[in-house]
Amino acid sequence: MLFNTFVSSVGDLARCVNAPSLEEVLLEPMLLARQGKLSDNRVQELAFEAVRLGLRPVLVWDVLMPERIMRSVCERLMQWDLSLFGAIRVCDPGAAEWLRIHFPQMPLQLIVETGNHNLESLQGWCEIFSGCLERLVLSIELPEEKLVEYCQKLPVHCELLGVGQILLFYSPRSLLVEQRFEDEADSLFLEATAAFADSPHRHLPTLETAHGTFMFLDKDQFILDRLDALRAQGLHTVRLDLRHLSRDGDVALEIDRICRQILSDPAELRLTWLRETRAPFFKANRTTALFPRMKSKLSEYRDDSNLAEVITGETGKYVVFYASRSFEVALIKSIMLPTGEEIEFPQGVIFRNLDGESIDTFESEQILVTNWIKKAVPGSLLLGN
């Protein structure tokens, strides 16, 4: 199992050279990377220096671009010496396809941290980009059990974030400049904290770059002390993201010490980490636990007893039903409300068709209008015996 990390200076590269099991460095140009700060020339200079030091530089292209901008960016990339890079990691399948066509010899690392969490979809990407895909960058939302399975079954290497910020929210829009930084509207890297009205003392790190706005959890992802099973099952790369701990232009501070401690005493590293740490999904992803409670209380009544559904109405005037099947007035028993409350169908209700004619036999998919029925809100079901 190997490590990689982001770099932005020669000092970062020097520390990476002395870091055990770290052979790969990630370079983020402002042109291509959502959190990139480096100019085109600086990225290529650092890539050349990384190669000279025996490191493998990887170009990060994780921005999602509209077609017009992507065409312009691709024209600029054609002027780069991409042979300096050992691989290019991309998030956009369109960017990956462009690279596959124009630089078929370039290894690709596909970022699948958002969506694409099931094995079938990941295997699909492996088939689409077979021949050039060397790695999938997996999501931290996958629990350990799934990660182990994917490392065993996927035909390419896998990478996972070992330590770093947990992204809560991303928007390509500018959300900070106009509201809080009007005097810094031309800046490309704005950092702030955000808080919610019901948790004013909990400050969430927020960042805006030329490519959008990010909000992060106030605790770091940390699984460096839980890697034994993944190491045994073939996890290829663990990413160490220290960008939020950067200082004076360096984004890989103490990476050599951190790598040594991961190998010798990762539990102690967790205890001494600069920020609070969490691994919210590693043992189990419980984000679906609430689904049964969110499920409509009416789903169990959508069977043969369901005669019609309320689709609209106006208080005190009328209710409109949509017939789910053919039935007669004599079959009507009650109305089941979306809250789960069942009320008796009132006496004296008259059904009319769209021509205003009174009817007592109804066809499937017919629109029915009645006089006002108290509590009969849209979504309520008309139930039969």
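In the predicted model, strands β13 and β14 form a hairpin, with three residues between the two strands. Gly-316 lies in the turn of this hairpin and has a positive phi of about 80°. The two strands, β13 with residues 306–314 and β14 with residues 318–323, run antiparallel and are joined by six bridges. Within this pairing, Val-310 stands opposite Phe-321 of β14.

Strand β14 also pairs with strand β21, which covers residues 367–371. This second pairing is likewise antiparallel and extends over five bridges. Here Val-319 has Thr-370 of β21 as its bridge partner.

The protein as a whole contains 11 helices and 22 strands. Its radius of gyration is 29 Å, whereas the globule rule gives 21 Å for 385 residues; the value is well over that of the rule, so the protein is more spread out than a compact globule. The C-alpha trace spans about 90 × 50 × 45 Å along the principal axes.

Of the 385 residues, 47% count as buried. Among contacts with a separation of 6 or more, 66% are made by residues 24 or more positions apart. The accessible surface of the protein amounts to about 19900 Å², and carbon and sulfur atoms contribute 50% of this area.

Key:
Residues numbered from 1 in each chain as written. Predicted model: local features only at pLDDT ≥ 70, side-chain atom pairs only at ≥ 80, totals over all residues. Heavy atoms only, no water. Pairing = 2+ DSSP bridges. Helix = DSSP H or I, 4+ residues; strand = E, 2+ residues; numbered from the N terminus. Rg over C-alpha atoms; globule rule 2.2 N^0.38 Å. Buried < 20%, exposed > 50% of the residue type's maximum accessible area, 1.4 Å probe, protein only. Contact = heavy atoms within 4.5 Å. Areas by Shrake-Rupley, 256 points an atom, 1.4 Å probe, with all protein chains shown as cover.
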